[in-house]
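Come and read along as I work from the whole chain down to single residues.

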Amino acid sequence: MEKTVLSEHINRVALAKCGAVLLFAALGATAHAGMFDDDEARKQIAAERKRIDDVKAQQQAVDARLNKMEEAFKSQALLDLFSQIEALKLEMNKLRGQIEVLNNNVENTSKRQRDMYLDLDTRMRRFEQQGSGAPAAEAPAAAATAPPAAGAAAAPPAGSPPVAVANVDAGAETRAYEAAQGQRRVGNYQGAIVAFQNFIKQYPKSNLAPRAQYWIGDSYFNLRDFKLAIGSQQTLLKAYPDSPTVPDAMLNIASSQIEMGESAVGRKTLEELVAKYPASEAAEKAKRRITGLNASGPAATAAPAGKP
C-alpha cells in the first residue's frame, strides 16, 4: 500500500517536471518568435523611412528645378519688357522728330502764303495805278521794304516764282535737321551735336532752331558731360526765352544737376519749372522727380558734388 502511494507520488512529480519543462520550452519559443517579429518590423519601418526620405529628396530636387525655371522665365520676361520699352522710346523720339519737322513745314507754308499775298497785293496796286493813268509807283514801304518773318525767305521780285524758291529753302532746312536727328537716333551723340550746331549756324531764324539747341544739350547729357549739357540748355533759355522748348530745357538742366550730385540745386530748378510752366508736360515730370527726391530723404539732397 505504501509502495503504491509512493509510486503515484513519484509519477506525479515526474509529470509535474515534464510539464514545467514543456512550459518553459513553449515560453522560450514564444519569446524567440516575438523577438524575430520585432526585428522584422524594425527593418520594414527603416525601409519605409528610407523610401520616404528618398521621395522627399526627389521632391526637393523637382522643386529646385521648378524654382530655377521660374526665375529664368521671370528674367526673360523682364528682358523682353525692357527691350520693348527701349523700342518704344526710340519710336517716340522718332515720332517727336517727325512732328517737329511737320510743324516747321506748316510754319514755312504759312510764311510762303503771306509772302505770296504781299506780292499779289503789290502787283494789284500797280495794275490799279496803271489803269487810272497814274505813273507806276514803287511798292508800298510796308510791303516792299519790310524784313521777312523769322525763318522765311525774302519776297522775290515781281514776275519770279516765289513758291519754288521757298520750297527749295524749306526742303534743305528740313533735310539738314533730319540728318542731325538721324545721328542722334543711332546713338552718335557727338555727330549729332556737330550737326545741330551747323544747323543753327545755317538757319538761325528757323522755328526748329530752339529744338536743335535742346537736342545739343540732350546729346551732351547722354554723353554724361553734364556741365556742357547745362551750358547748352542755358544758351537755349537766353536765345529763345519764349520757345515752347524752354520747360524741356529746364528739366534737362535739373536732371544734369542731380546727376552731378547737386540734388538741392536740381530740386530748386524743378520747383522753378513747375511754378513757371505748370501746364507743361515737363512740369508733370518735374513733380514726379521732386516726389522721388523727397522719398530719398536728406541723403539724396546732401550728396557731394561730382558724384551721381
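Here are my entries, in the order I made them.

**Entry 1: the whole protein**

I noted at the start that this is a predicted model. I then looked up the secondary structure and found 10 helices and zero strands. Read along the sequence, the pattern is α-α-α-α-α-α-α-α-α-α.

Next I checked burial, and 27% of the 308 residues in the protein are buried. The protein exposes about 20600 Å², and 61% of that comes from carbon and sulfur atoms. I also looked at contacts with a separation of 6 or more: residues 24 or more positions apart make up 57% of them.

**Entry 2: a patch on the surface**

I went to the outside of the model next. Val62, Leu66 and Met69 form a nonpolar patch on the surface there. Together these three residues have about 290 Å² of accessible area.

**Entry 3: the largest nonpolar core**

Which residues touch the most other members of the largest nonpolar core? I found four of them among its 31 residues: Tyr177, Phe196, Phe199 and Leu270. The elements that each give two or more residues to this core are α3 (162–185), α4 (189–202), α5 (209–222), α6 (226–239), α7 (246–259), α8 (263–276) and α9 (281–296).

I followed Tyr177 to helix α3. Its relative accessible area is 0%, which is under 20%, so Tyr177 counts as buried. I also took a distance from here: Tyr177 and Ile200 are 23 residues apart in sequence, and their C-alpha atoms are 9.3 Å apart in space.

**Entry 4: Phe199**

I moved on to Phe199, which lies in helix α4. Is Phe199 buried or exposed? I read a relative accessibility of 2%, so Phe199 counts as buried, the cut-off being under 20%.

I then listed what Phe199 touches, leaving out residues up to four places away in sequence. The list is Glu173, Ala176, Tyr177, Ser206, Leu208, Ala209 and Ala212. Tyr177 from my previous entry is therefore one of the contacts of Phe199.

**Entry 5: helix α7**

At 1.5 Å a residue, its 14 residues should span 20 Å, and its end C-alpha atoms are 20 Å apart, which agrees.

How many of the residues of α7 are buried? I found 12 of the 14, so I wrote down that α7 is mostly covered. The buried residues include Val246, Pro247, Met250, Leu251 and Ile258. I saw that the buried residues of α7 pack against α5, α6, α8 and α9. After the helix comes Gly261, whose phi is positive, near 95°.

**Entry 6: Gln257**

My last stop was Gln257, also in helix α7. At 9% relative accessibility, under the 20% cut-off, Gln257 counts as buried. Not counting residues up to four places away in sequence, Gln257 touches Ile230, Glu262, Ser263, Val265, Gly266 and Thr269.

Definitions and conventions:
Residues are numbered from 1 along each chain as its sequence is written. This is a predicted model: local features need pLDDT of at least 70, side-chain atom pairs count only at pLDDT 80 or more; totals for chains, interfaces and linings use all residues. Side-chain values use heavy atoms; hydrogens and water are left out. A nonpolar core is a set of buried Ala, Val, Leu, Ile, Met, Phe, Trp, Tyr and Cys residues joined through side-chain atoms within 4.5 Å. Buried means under 20% relative accessible area, exposed over 50%, partly exposed in between (1.4 Å probe, protein chains only). Helices (H or I, at least four residues) and strands (E, at least two) are DSSP runs, numbered from the N terminus. Contact means heavy atoms within 4.5 Å. Patches are made of residues with over 30% relative accessible area and no salt bridge: like charges are joined within 9 Å, nonpolar side chains (Val, Leu, Ile, Met, Phe, Trp, Tyr) within 5 Å. Accessible areas come from the Shrake-Rupley method with a 1.4 Å probe; for residues, only the protein chains shown count as cover. A salt bridge is a side-chain nitrogen of Lys or Arg within 4 Å of a carboxyl oxygen of Asp or Glu. The expected span of a helix is 1.5 Å times one less than its number of residues.
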